[in-house]
Amino acid sequence: MTPGTLHRPPPRPTTGDGGSPPRRPRYRRDRPGIAYLFLSPWALGALLLTVGPMLASLYLSFTDYDLFTSPEWVGLENYRRLFTDDARFLDSAKVTATYVLISVPLKLAAALAVAMLLNRNRRGQGFYRSAFYAPSLLGTGVAIALVWRAMFTDTGVVDSVTGTFGWDTGGWINEPDYALWVLIILAVWQFGAPMVIFLAGLKQIPAELYDASAVDGAGRWRTFRSVTLPMLSPIILFNLVLETIHAFQAFTPAFIVSGGRGGPSNSTLFYTLYLYERGFAQFRMGYASAMAWLLLLVIAIITALFFGTSRRWVFYSGEDR
């Protein structure tokens with residue numbers, strides 16, 4: 001372009017027949033109606049199947065309701081009777097607390113130990129991982145609970161093996177001192193799900209940290225305590241919260257192993273089992289609703305304590321402490 005000439009804009013493209021170029025379609029960026037339309041199935045499901053029943057059970061917890069007559073408002077009477085007039089409620093709370101305090105740490109310890117073993121490269125790695133995960137894949141169903149009950153009866157394989165060493169219990173599920181341990185062992189045996197999560201966390205730990213630990217002369221235990229545990233602390237918190245909630249909600253194994261009675265001598269009377277007995281065997285649905293909301297409150301408090309204390313022992317990569 002020579003000095004003094006005017007700069008002309010380039011010609012606009014045409015459609016080929018000399019007409020005007022096609023216009024781009026205009027899209028509206030704010031169409032909340034479409035978003036609400038796609039969200040409506042989930043919203044209706046949450047409202048009708050979750051929020052609605054929860055509010056209904058909250059109302060029923062303040063009433064005397066037997067499924068056959070209209071609910072009668074009694075205020076806090078159900079909650080008062082739980083702590084003052086119901087010895088089996090206190091027994092169920094004690095059994096459940098014992099089950100949670102023993103089974104959850106043992107299950108997480110077994111899951112972490114096996115995950116560290118499977119984190120090494122060796123032949124048949126896929127087979128071992130599948131084999132250890134299989135019990136969790138089977139779940140705590142009725143079939144597994146029936147097999148477990150048959151194993152721990154007075155004629156079961158466990159009592160037969162222990163009898164050869166002079167330890168004849170007469171069947172674990174028939175003795176109050178051993179019956180709860182049957183359910184604890186069943187819970188620990190199904191450590192596959194937290195094991196897989198621990199294994200994924202171990203894969204994310206940088207190898208440079210282990211090299212630096214080896215250069216400093218740290219042994220295996222010191223490396224595990226100073227490198228592995230801090231780097232796995234978010235995974236430990238995640239598994240701890242999930243497994244604690246699952247332990248509080250355990251029902252099927254106790255129901256099958258104890259024959260739905262929580263025996264012997266209330267040694268396997270889980271909280272959920274007693275809730276089921278009150279609500280669906282004795283038709284005290286208002287009383288059972290109060291128990292359900294009390295369980296929800298306890299789980300919420302414990303979960304809040306886990307997250308509230310996590311700043312003291314959970315380390316996140318990139319944090320400056």
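**Close-up views of a predicted helical chain**

**View 1. Residues 285-307 and other annotated segments.** Residues 285-307 are 100% helix and 0% strand, with end C-alpha atoms 33 Å apart. Over residues 223-242 the chain is likewise 100% helix and 0% strand, and the end C-alpha atoms lie 27 Å apart. Both ranges come from the UniProt feature "transmembrane region" (unreviewed entry), which is also placed at residues 33-60, 97-118, 130-151 and 178-202; such annotations may be inferred rather than shown by experiment. The model is predicted: local features need pLDDT of at least 70 and side-chain atom pairs count only at pLDDT 80 or more, while totals for chains, interfaces and linings use all residues. Residues are numbered from 1 along each chain as its sequence is written, and side-chain values use heavy atoms, with hydrogens and water left out.

**View 2. The protein chain.** The secondary structure comes to 13 helices and two strands, taken as DSSP runs numbered from the N terminus (helices H or I, at least four residues; strands E, at least two). Of the 321 residues, 34% are buried (under 20% relative accessible area, 1.4 Å probe, protein chains only). Among contacts (heavy atoms within 4.5 Å) between residues at least 6 apart in sequence, 66% join residues at least 24 apart.

View 3. Eight of the 11 residues of α12 (residues 271-281) are buried, so the helix is largely enclosed by the rest of the structure. The buried residues are Y271, T272, L273, Y274, L275, E277, R278 and G279. Their cover includes α3, α10 (220-248), α11 (252-257) and α13 (285-313). After α12 comes F283, with a positive phi near 60°.

**View 4. The largest nonpolar core and M291.** This core has 59 residues, and Y99, F198, F270 and M291 have the most contacts inside it. A nonpolar core is a set of buried Ala, Val, Leu, Ile, Met, Phe, Trp, Tyr and Cys residues joined through side-chain atoms within 4.5 Å. Leaving aside neighbours within four places in sequence, M291 is in contact with L82, F89, Y271, Y274, L275 and R278.

**View 5. The contact of α4 with α8.** The axes of α4 (residues 125-138) and α8 (residues 192-203) come within 7 Å and cross at roughly 140°; axes are lines fitted to C-alpha atoms over the stretch in contact, and angles run from 0 to 180 degrees between N-to-C directions. On the α4 side are R129, F132, Y133 and S136, which meet G192, A193, M195, V196, L199 and K203 in α8.

How values were computed. Buried < 20%, exposed > 50% of the residue type's maximum accessible area, 1.4 Å probe, protein only.
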